[in-house]
Amino acid sequence: MMWQAISGDALHIRFWNDEFVVYNSLSGDTHLLGASAAHILLKLQHTASDVATLAASLASLMQAEMDDEFLSQTEQLLAGLGKLALIEHS
């Protein structure tokens, strides 16, 4: 299953130190994201991707081991971003 960010012009992302704020102009909602969720969202703004590719990218960034647990955590991040209507299935 592939994921993508919602319409490219709808998301406005700003970051300060380790905090990421995302404003969705379609919903009018503003969200504070952690670094992992922001990394995934930024990746999905550039290209649609599957969970395994996103988990590998995140594991590399965090210098973490890519295993089933990490993959599951990435799926949970994607589900959370989906509930916030920041990403969708492509």
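Analyst: Start with contact: here it means heavy atoms within 4.5 Å. Note also that this is a predicted model. With that in hand, look at helix H1. H1 lies across S2, S3 and S4. Its direction is about 140° to S2.

User: Which strands make up the sheet with the order S2-S3-S4, and how are they paired?

Analyst: The general idea comes first. Strands of a sheet pair through backbone hydrogen bonds, either parallel or antiparallel. In this case, three strands form an open sheet in the order S2-S3-S4, and the pairing is antiparallel. Strand S2 (11-16) and strand S4 (29-33) are the edges, each pairing on one side only. From one strand to the next, the twist averages 20°.

User: How many bridges join S3 to S4?

Analyst: Five bridges join these antiparallel strands. For a place to look, find Val22, which stands opposite His31 in S4.

User: Which residues of H2 and H3 meet?

Analyst: From H2 come Val51, Ala52, Leu54, Ala55, Leu58, Ala59 and Met62. They meet Phe70, Leu71, Thr74, Glu75, Leu77 and Leu78 in H3. By class, this contact has eleven nonpolar residues, one polar and one charged.

User: How do the axes of H1 and H3 cross?

Analyst: Apply the angle rule again. The axes of helix H1 (residues 35-46) and H3 come within 10 Å and cross at roughly 70°. H1 and H3 are therefore roughly perpendicular to each other. On the H1 side are Ser36, Ala37, Ile40, Leu41 and Leu44. Thr74, Leu77, Leu78 and Leu81 are their partners in H3. The residues of this contact divide into seven nonpolar, two polar and no charged.

User: Is Thr74 buried or exposed?

Analyst: Check relative accessible area: under 20% means buried. Thr74 is in helix H3. Its relative accessible area is 1%, so Thr74 is buried. Not counting residues up to four places away in sequence, Thr74 touches Ile40, Val51, Leu54, Ala55 and Leu58.

User: What about a residue in a strand? Is Asn24 buried or exposed?

Analyst: Asn24 sits in strand S3 (residues 19-24). The relative accessibility is 2%, so Asn24 counts as buried.

User: What does the side chain of Asn24 reach?

Analyst: The Asn24 side chain reaches the backbone oxygen of Ala85 at 3.4 Å. Then check the surroundings. Leaving aside neighbours within four places in sequence, Asn24 is in contact with Ile6, Ala10, Leu11, Asp29, Ala85 and Leu86.

Technical notes:
Residues are numbered from 1 along each chain as its sequence is written. This is a predicted model: local features need pLDDT of at least 70, side-chain atom pairs count only at pLDDT 80 or more; totals for chains, interfaces and linings use all residues. Side-chain values use heavy atoms; hydrogens and water are left out. Helices (H or I, at least four residues) and strands (E, at least two) are DSSP runs, numbered from the N terminus. Ala, Val, Leu, Ile, Met, Phe, Trp, Tyr, Cys and Pro count as nonpolar, Asp, Glu, Lys and Arg as charged, and the others, Gly among them, as polar. Buried means under 20% relative accessible area, exposed over 50%, partly exposed in between (1.4 Å probe, protein chains only). A polar contact is a pair of N or O atoms within 3.5 Å; within protein, one must be able to donate a hydrogen and the other to accept it, and residues adjacent in sequence count only if both atoms are side-chain atoms. Axes are lines fitted to C-alpha atoms, for helices over the stretch in contact, and angles run from 0 to 180 degrees between N-to-C directions. Angles under 35 degrees count as roughly parallel, over 145 as roughly antiparallel, 65 to 115 as roughly perpendicular and the rest as oblique. Two strands pair if DSSP finds at least two bridges between them.
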